[in-house]
Amino acid sequence: MSVIEVNHLTKYYGKARGIIDVSFHVDEGEIFGFIGPNGAGKSTTIRLLLSLIYPTSGSGTIFGKDCIKYGPELRQEIGYLPSEVFYYERMKVIDLLRYSASFYDKDCTQRLQELAELMELELHRRIEDLSYGNKKKVGIVQGLLHQPKLLFLDEPTAGLDPLMQRKFFQLIREENQRGVTVFFSSHILGEVQRLCNRVGIIKEGRIIEIADIRTLQQNNYKKVRVAADDLDAAYFDLPGVTNLERHDGTVRFFYKGDINAVMHKIGEITVSDVTIEEPTLEEIFMHYYE
Amino acid sequence: MSMNIFKQEFKMNLRSVITWSVAVAVLILVFVSLFSSFAQDAELLNEMMAKFPEQLLTAFGLNGVNLATVLGYFGFVFLFAQICLAIQAANYGFSLVSIEEREWTADFLLAKPVGRIQILTSKLLAALSGLTITNIVVWISSFGFINLFRGDRTYEAKPLLLLLLSIVVFQLFFLSVGLVVSLLVKRIRNVTPYSMALGFGMYVLSVFGDMLGESILEKITPFKHFDPNYIIQHGAYDLPLVLISASVIVISLVGSYLLYTRRDIPAVV
Amino acid sequence: MNIFVRELKANLKSLLIWGVIVILFVTIGISKFSAYYNNPEMLAILDDMPPAMLAAFNMQAFNLTTVSGFFGVMFTYYALIVSIAAAMWGSDIISKEERDKTVEFSLTLPVTRSRLVTAKTLAALVNCIGLLLITWGASLVSAQSYQPDAGFYSFLALCMLALFIMQLIFLAVGIFLGCAMKQYKRASSVAVSLLLGTYFLSVVSGLNKNLEFLKYFSPFKYFDAGVLLRESKIDIAFVGLSLAIILVSMVGAYLTYAKRDLYI
């Protein structure tokens, strides 16, 4: 069942383009990554789905219902973690969390406490006195305390220290295992790679590609690095090899094809180090950013 | 209407409400306490005013006013209270929704499972409740201080009552106009110049209105719709003018709802 | 200095708006004047008015039928307008750095905080002078149709000087509030409230002999237009008091801003 369905969604801010003719769907239980350069339209898409802004044309449905018409009702089960977190002046953390909880029909107190402990929140400090990262943590708890079925994450880990980042991802994975669908917008490709099942790429307002992460990586090249004495790069000039170069005593290349051919070549010489890895999302998609 | 939003908004406004209430109460106290020294020159005053050209009287809001009487004097000084009440209500109106965008809390509130209509209604009611508290303070202090300082002069209760009740609609005017204007403007960085412009602007219009386009300008400003001197003298409201205020309020409120439900909430950039 | 120039440009629009407000005010005011101009009836009436009444309308000892007299009455309202503008410019120009989140840019430039405050104060000062000149000009132009005498010009000049000092007072207080107040968002409303409060004090102090001492607390009372008109001089004592206020405010501003923690 599609949790999110977007059909030819377009948004113009006056004459400036927001997004153009964007269509995709997100299935239940997926972690869907949404990546693209700055200004591509990632936030615009999320804001349209949350009916913070209204489309110029096209539509979006969540849980099968139009996201604008049924907005308030749908948001009972939606959690939103925006990229920048601001709260009311002089409000304490615990006050904000309780205020947030008061909007939902369920009893959130237990979950609230659990999350607050997990993210190590200082409940009785004023939000405005917190550091950026700590504010983010408040934002995370605020977005999750009502146990929503769908999560919108907009650059969620910016500002978190590595330990917190790990905890956060752990949290997301756990939620996902319980059936929560996650829509994850980021331009930290490493994160997306670690977490997502499918990925959509948006650039200059249009969807460039939507694909499964595994498929993308498998259909892609392997990165090979071989370090050996007196190694000539031409030794590895095989069919399926590209970007062959020699650097500092190491030969590197990308290879697509039967890996055994490469293994044979390596086996025939004495090497000091061999590395064969899958390309990162970054390497696959860098050209999309250009 | 969402109770939790209402409570939160009301709490956030409370400090301001108390400040304004105290300020207006003090203002009334000071002016009313000076009544006796004024009334001493009562006879002189009345003779004087009989001789004034009408334009001078209107310019100082004294046309037909008997400053020697309790209500005549009060009606005159009430103008200052009205200016304060106008600015207060205008403040609330202009910042009602714009504060979410100024403090960037819109992403929080508007991603909650509440519709825009509910949000706006809750905020409006919270602002109104705050204003009502101020109004109650004004009523109590007016009655209280008048009775304290009037010496042995008497006054009619009805015109005073009408005058005091009029501030409700008076403030609604500024609240709703402030609100609708804030939704028409792209971005409000500082509310103070706007509310001062609306509050003082309407006051200036009332004072100088008779100079420019005559009645036209007078019809616009609520300072004329709820002219204290008029109410005191006639013991009644100038109904056609009050209706103008009422229609402005209705149009502004309807407009505000329409604008707010369609508004694109910009992201924190 | 570039901060100065940048602030000038940023505040130009505000100056123009206030300038228009002043011009409108002068125009409306002068049109009212036509009713009183050389009106002998008016003269008689004014002579008979009880002092309390005149005080309330700030009309004491004024001959409303002459141009100078009229402008003397307008003086208080001029003072209100230019002072509110000065107070708002002063408080805003400092607090806007935190309000608009530009602190991390402006205050990490290779300038000391004092230089920053100086540059901004000067820019706001330029605005105040500009507004004053507009007021002066508008008054001159509008008075032309009433053939003012030489006394008028010197009186007007003296008024402008008094207005300038008042602007300086409220500008300095505004700057101080902007620098000192931790709750920077409230700086401009506190500045304006303070100003209105002193205005209120000035009205009250004139109403009752017992309350005359209040005049030391209100800049609106420092320069009595009546005295300016008849005696053509400014009370040096009050000038001194004004300068003292300005000095204390500005020193306070520099000291507090230098030590202040700037957050986003």
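## Interface of chains B and A

In this predicted model, 28 residues from chain B and 26 residues from chain A make up the contact between these two chains. The size of an interface is often given as the accessible area lost when the parts come together. For chain B and chain A the buried area is about 2500 Å², and carbon and sulfur atoms account for 57% of it.

Two salt bridges are counted between chain B and chain A. A salt bridge joins the side chain of Asp264(B) to that of Lys11(A), with 2.5 Å from N to O.

## Ile117 of chain B

Ile117(B) lies in helix α7 of chain B, which covers residues 116-149. Leaving aside residues up to four places away in sequence, Ile117(B) touches Tyr257(B) and Thr261(B). Glu100(B) is 17 residues from Ile117(B) in sequence, and their C-alpha atoms are 15 Å apart in space.

## Helices α7 and α8 of chain B

Helix α7(B) packs against helix α8(B), residues 157-184, at an angle of about 150°, and their axes are 10 Å apart. Angles over 145 degrees count as roughly antiparallel, and α7(B) and α8(B) are therefore roughly antiparallel to each other. The crossing of α7(B) past α8(B) is right-handed.

The residues that α7(B) brings to this contact include Leu120(B), Leu124(B), Leu131(B), Trp139(B), Phe143(B) and Ile146(B). From α8(B) come, among them, Leu160(B), Leu164(B), Ile167(B), Val168(B), Gln171(B) and Leu179(B). Sorted by class, the contact of α7(B) with α8(B) has 18 nonpolar residues, three polar ones and no charged ones.

## Helices α6 and α7 of chain C

In chain C, helix α6 (residues 113-143) and helix α7 (residues 150-180) pack with their axes 10 Å apart, at an angle of about 150°. That angle makes α6(C) roughly antiparallel to α7(C). As α6(C) passes α7(C), the crossing is right-handed. The contact of α6(C) with α7(C) is made up of 21 nonpolar and four polar residues, with no charged residue.

Notes
Residues are numbered from 1 along each chain as its sequence is written. Chains are lettered from A and ligands numbered from 1 in the order in which they are written. This is a predicted model: local features need pLDDT of at least 70, side-chain atom pairs count only at pLDDT 80 or more; totals for chains, interfaces and linings use all residues. Side-chain values use heavy atoms; hydrogens and water are left out. Axes are lines fitted to C-alpha atoms, for helices over the stretch in contact, and angles run from 0 to 180 degrees between N-to-C directions. Helices (H or I, at least four residues) and strands (E, at least two) are DSSP runs, numbered from the N terminus. Angles under 35 degrees count as roughly parallel, over 145 as roughly antiparallel, 65 to 115 as roughly perpendicular and the rest as oblique. A crossing is left-handed if the near helix is turned anticlockwise from the far one by less than a right angle, and right-handed if clockwise. Ala, Val, Leu, Ile, Met, Phe, Trp, Tyr, Cys and Pro count as nonpolar, Asp, Glu, Lys and Arg as charged, and the others, Gly among them, as polar. Contact means heavy atoms within 4.5 Å. Buried area is the accessible area (1.4 Å probe) that two parts lose on being put together, summed over both. A salt bridge is a side-chain nitrogen of Lys or Arg within 4 Å of a carboxyl oxygen of Asp or Glu.
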